[in-house]
Amino acid sequence: MNEFKKVVFSGVQPTGNLHLGNYLGAIRKFVALQEGNDCIYCVVDMHALTAQLVHEDMPNQIRSIAAAFIASGIDPEKHIVFNQSAVPQHAELAWIFNCVARIGWMNRMTQFKDKAGKDREQASLGLYAYPSLMAADILVYRGTHVPVGDDQKQHLELARDIAMKFNLDYAEHIRKTDYGIDITVGNEPVHAYFPMVEPLIDGPAPRVMSLRDGTKKMSKSDPSDLSRINLMDDEDAISKKIRKAKTDPEGLPSEVDGLKGRPEADNLVGIYAALADRSKADVLAEFGGQQFSVFKPALVDLAINVLSPITAEMRRLMSDTSHIDAILRNGSERARARAQVTMKEVRDIVGFLY
C-alpha cells in the first residue's frame with residue numbers, strides 16, 4: 001500500500017432538534033458524498049457531554065440524528081452510521097492524542113474561547129480537549145477527508161498537527177512495525193501512520209441564519225422556536241415560521257448586490273436558493289421586484305416540498321425505534337472492527353503490552 005485509502009468521516013452532535021441549517025449545511029452534503037466514497041457518519045454523543053453534562057433523553061436524541069441521516073438519504077448498508085460511544089477506541093486514541101497535542105495548540109482554539117465565555121475556569125476539561133477527541137474520531141479510521149464548515153476548519157488543522165507530530169515522534173517505531181506509508185507533506189517526505197486529513201469544501205456552504213435575526217446563525221439553542229425550521233416541524237409550523245420571518249419593507253432586488261445591508265432578505269433568498277439548488281442570482285431573476293407577500297408563499301411551498309418527505313420518514317422511524325437501534329448496532333460493529341485494527345497497530349507503535 002503506497003497511499004491512504006480515501007475515507008470520508010463526519011459527525012453530528014445529538015443536542016436538541018436538528019434544523020434547516022443542519023440539513024443544508026451538513027446532512028445534504030453527507031448524502032451527496034456517498035457517491036464514489038467510503039463514508040463513515042457518526043452521532044458524536046460523547047462530544048454532546050461538553051455542551052451539556054446531563055441530558056434528559058440522550059438515547060432518543062441519538063436516534064433522532066440517525067433518523068435524520070437515514071430519512072435524508074444516507075444508505076446505512078453501503079456506508080457506516082453509528083454512535084461514537086459504542087466504539088471505545090475513540091476515547092482510547094483521544095488519550096494518546098491528548099499526550100501528543102500541546103497546550104499552546106489548545107490555547108489557540110477560538111471555539112473553546114467562544115463556548116467557555118468569560119469564566120473559563122468553570123469550563124470543563126472535556127470542552128478544552130474537545131478538538132483532541134475530534135482528531136481521534138477521524139483518525140481512528142485513518143480518515144482522509146472531512147466535510148467542514150468555517151467553524152471547524154481550525155479543529156481540522158489541529159487534527160493534521162496531531163497526526164504529523166505522532167508520525168514524526170514515532171517515526172522509527174512506525175518503520176519497525178511496517179505499518180507506515182511514504183507520503184510527502186509540503187516538500188518533506190514522511191513515513192506516516194496517520195494521514196494528513198483534508199477538508200472537503202464543495203462550493204460555498206449555505207449559511208442559514210435565524211428567521212428572527214438575519215445577523216445570527218440559525219441555532220438549536222435560540223430560545224425562540226420561531227427562529228428556526230426544525231426537521232420535525234409539520235407543514236403548518238413551516239408555513240407559520242416562514243410567514244412570520246423578519247423582513248424589511250422593500251421589495252426584492254433584481255441583482256445580488258441589492259441584498260447587501262439587508263440580512264433578512266439575503267437569508268430568505270439564500271434559503272430558497274439552497275433548497276432549490278439554484279444560485280441567488282437565479283432566484284432574484286425570477287422574484288426581483290416582487291414583495292415578500294409574493295416571495296414568502298413560494299418559499300413555503302418549496303420548503304414543504306423538500307422537507308415534508310424527510311419529516312415523514314423521521315417520524316416513521318422514531319415511532320418504532322427498533323429499526324434505528326438495529327442500524328446503529330450494525331454500524332457500531334462495523335466501525336468497531338475498523339477501529340480495533342487501528343488501535344492494535346497504534347499500541348504496537350507506542351509500545352503498549354496487551
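The backbone oxygen of Ser210 is 3.5 Å from a polar atom of the Asn267 side chain. This value, like the others here, comes from a predicted model. The Asn267 side chain also reaches the backbone nitrogen of Met209, at a distance of 2.9 Å. Asn267 itself sits in helix H11, which spans residues 263–276.

Is Asn267 buried or exposed? Its relative accessible area is 5%, and since buried means under 20%, Asn267 is therefore buried. With neighbours within four places in sequence left aside, Asn267 is in contact with Arg207, Val208, Met209, Ser210 and Leu211. Met209 and Ser210 in that list are the residues whose backbone atoms were described above.

Ser10 belongs to strand S1, residues 8–12. Not counting residues up to four places away in sequence, Ser10 touches Phe30, Ile40, Tyr41, Cys42 and Pro147.

### Helix pairs

| Helix pair | Residues | Axes come within | Crossing angle |
|---|---|---|---|
| H3 and H13 | 58–72 and 292–319 | 9 Å | roughly 135 degrees |
| H4 and H14 | 89–100 and 322–350 | 10 Å | roughly 30 degrees |

For H4 and H14, the angle of roughly 30 degrees falls under 35 degrees, the limit for roughly parallel, so H4 is roughly parallel to H14. The crossing of these two helices is left-handed. On the H4 side, the contact is made by Gln89, Glu92, Leu93 and Ile96. H14 contributes Arg336, Ala339, Gln340, Met343, Val346, Arg347 and Val350. By class, the residues of the contact between H4 and H14 are 6 nonpolar, 2 polar and 3 charged.

How are H3 and H13 oriented to each other? Their axes cross at roughly 135 degrees; angles over 145 degrees would count as roughly antiparallel, and 65 to 115 as roughly perpendicular. H3 and H13 are therefore oblique to each other. H3 passes H13 in a right-handed crossing. From H3, the residues making the contact are Asn60, Arg63, Ser64, Ala67, Ala68, Ile70, Ala71 and Ser72. Those from H13 are Ile310, Glu313, Met314, Leu317 and Met318. The contact of H3 with H13 divides into 8 nonpolar, 3 polar and 2 charged residues.

Conventions: Residues numbered from 1 in each chain as written. Predicted model: local features only at pLDDT ≥ 70, side-chain atom pairs only at ≥ 80, totals over all residues. Heavy atoms only, no water. Axes fitted to C-alpha atoms, helices over the stretch in contact; angles between N-to-C directions. Helix = DSSP H or I, 4+ residues; strand = E, 2+ residues; numbered from the N terminus. Left-handed = near helix turned anticlockwise from the far one by under 90°. Contact = heavy atoms within 4.5 Å. Nonpolar A, V, L, I, M, F, W, Y, C, P; charged D, E, K, R; others polar. Buried < 20%, exposed > 50% of the residue type's maximum accessible area, 1.4 Å probe, protein only. Polar contact = N/O pair within 3.5 Å; in protein donor to acceptor, adjacent residues only side chain to side chain.
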